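Colleague: Could you walk me through how to read a model like this one? Let us take it feature by feature.

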Amino acid sequence: MSGYDNQGGFGSQGTPQGQTKARRNYDEQTLIPCTIKQIVTADGDPTGGNDISLKDGRTLYMVKIVGCVRNFEQKSTNLAIEIEDGTGMMEVKTWMNEGDDCSAVANLRQECCQDYVFIKAIGQVKEFDGKRHIQATDIRLLGTKNELTYHFLEVAYSFDKYQKKKESGMGMSMGVGMGYGIGNNMSSMPKTMGANVSMKQGGGNSINDAVSSSLRKLGTNVDTGVNVNNIIEDLAPQGYSATDVRNAMSELANEGHIYSTIDEEHFQFAE
């Protein structure tokens, strides 16, 4: 078992020298809302790789958990927070770049350094010395306690949606993730289970694909995400209205392709 990997976290096994690790299929990069118990009891990669799969077969890439802060330790290079969600306890780690992090990101992170507050964490599941943790790309306080209830509804909905897709033979991992961010609410969940199945990375239509391309282009090396208004301005010459863009971004967020960053007006791709 090796130590620190090249992606800012600890991996269970490095890539052998001289071999190139294959890039993940885009459909496997969606965000999956989970409970801590789901992550702890997930199956490791039988081939010795870094993939971790839930008991229902979904491979974990980006995950979201919500829970209560039980302990935290802040160092010069990283912040480690122990959170508990009623199903288990897990450590969430995030790296700090002094002088590089914008003030908004630093403030969101600092607000989480309080005992017994509820936070959400988004990141990748890592394993080191037989213990799993989350290498977070985003941590923040919950806006309201309703977000805790909403998260567990997301977990159940995501599982149900995946099971229905398996039963219908439509694929194993297309659009099974969920959107997140402080702008999400119950009205953003599709009213019909299994609706809006995404067959392409942008949701299968031209506006979604255009928004996806614009976000990728404008969001390169931008930690704080891209402002929605910048995407609207970028796509205006193509004839898309502000309403078109916002509706497409809402759909992409619900499918787990994008996520909000410092506020509900800034987004980044979930990869």
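Colleague: Where does Tyr-116 lie?

Modeller: Tyr-116 sits in the loop between α2 (103–111) and β7. Helices (H or I, at least four residues) and strands (E, at least two) are DSSP runs, numbered from the N terminus. The model is predicted, so local features need pLDDT of at least 70 and side-chain atom pairs count only at pLDDT 80 or more, while totals for chains, interfaces and linings use all residues. Residues are numbered from 1 along each chain as its sequence is written, and side-chain values use heavy atoms, with hydrogens and water left out.

Colleague: Is Tyr-116 buried or exposed?

Modeller: Buried means under 20% relative accessible area, exposed over 50%, partly exposed in between (1.4 Å probe, protein chains only). Tyr-116 has 57% relative accessibility, so it counts as exposed.

Colleague: What about Asp-129?

Modeller: Asp-129, also not a glycine, has a positive phi of about 55°. Its place is the loop between β7 and β8. With a relative accessible area of 63%, Asp-129 is exposed.

Colleague: How do I put these loops in the context of the protein?

Modeller: Take the totals. The protein has six helices and 11 strands. Of its 271 residues, 46% count as buried. Next come contacts, meaning heavy atoms within 4.5 Å. Among contacts between residues at least 6 apart in sequence, 65% join residues at least 24 apart.

Colleague: Which residues touch the most other members of the largest nonpolar core?

Modeller: A nonpolar core is a set of buried Ala, Val, Leu, Ile, Met, Phe, Trp, Tyr and Cys residues joined through side-chain atoms within 4.5 Å. The largest one here has 26 residues, and Ile-39, Leu-60, Ile-65, Ile-81, Ile-83, Val-92 and Ile-139 touch the most other members. At least two residues of this core come from each of α1 (36–40), β4 (62–74), β5 (78–84), β6 (89–95), β7 (118–128) and β8 (131–141). A second, separate core has 18 residues, including Leu-235, Val-245, Phe-267 and Phe-269.

Colleague: What does Ile-39 touch?

Modeller: Leaving out residues up to four places away in sequence, Ile-39 touches Cys-34, Leu-60, Val-63, Ile-65, Met-90, Val-125, Arg-132 and Ile-134.

Colleague: Where is Glu-91, and what does Glu-91 touch?

Modeller: Glu-91 is in strand β6. At 18% relative accessibility, Glu-91 counts as buried. Beyond residues up to four places away in sequence, Glu-91 touches Ala-80, Ile-81, Glu-82, His-133 and Ile-134. Now follow His-133. It lies in strand β8 and, at 3% relative accessibility, counts as buried.

Colleague: Now the helices. How is a packed pair described?

Modeller: Two packed helices are described by the angle between their axes and the distance between the axes. Axes are lines fitted to C-alpha atoms, for helices over the stretch in contact, and angles run from 0 to 180 degrees between N-to-C directions. The axes of α5 (residues 228–235) and α6 (residues 242–254) come within 9 Å and cross at roughly 125°. Angles under 35 degrees count as roughly parallel, over 145 as roughly antiparallel, 65 to 115 as roughly perpendicular and the rest as oblique. α5 and α6 are therefore oblique to each other.

Colleague: Which residues make the contact of α5 with α6?

Modeller: From α5 come Val-228, Asn-229, Ile-231, Ile-232 and Leu-235, and from α6 come Ala-242, Val-245, Arg-246 and Met-249.

Colleague: And how do α4 and α6 pack?

Modeller: Their axes are 9 Å apart, at an angle of about 85°. The two helices are therefore roughly perpendicular to each other. Ile-207, Asn-208, Val-211 and Ser-212 of α4 meet Asp-244, Val-245, Ala-248, Met-249, Glu-251 and Leu-252 of α6.

Colleague: What is the crossing of α4 and α5?

Modeller: The axes of α4 (residues 206–218) and α5 come within 10 Å and cross at roughly 115°. The α4 side of the contact is Ala-210, Val-211, Ser-214, Leu-215, Lys-217 and Leu-218, and the α5 side is Asn-230, Ile-231, Asp-234 and Leu-235.
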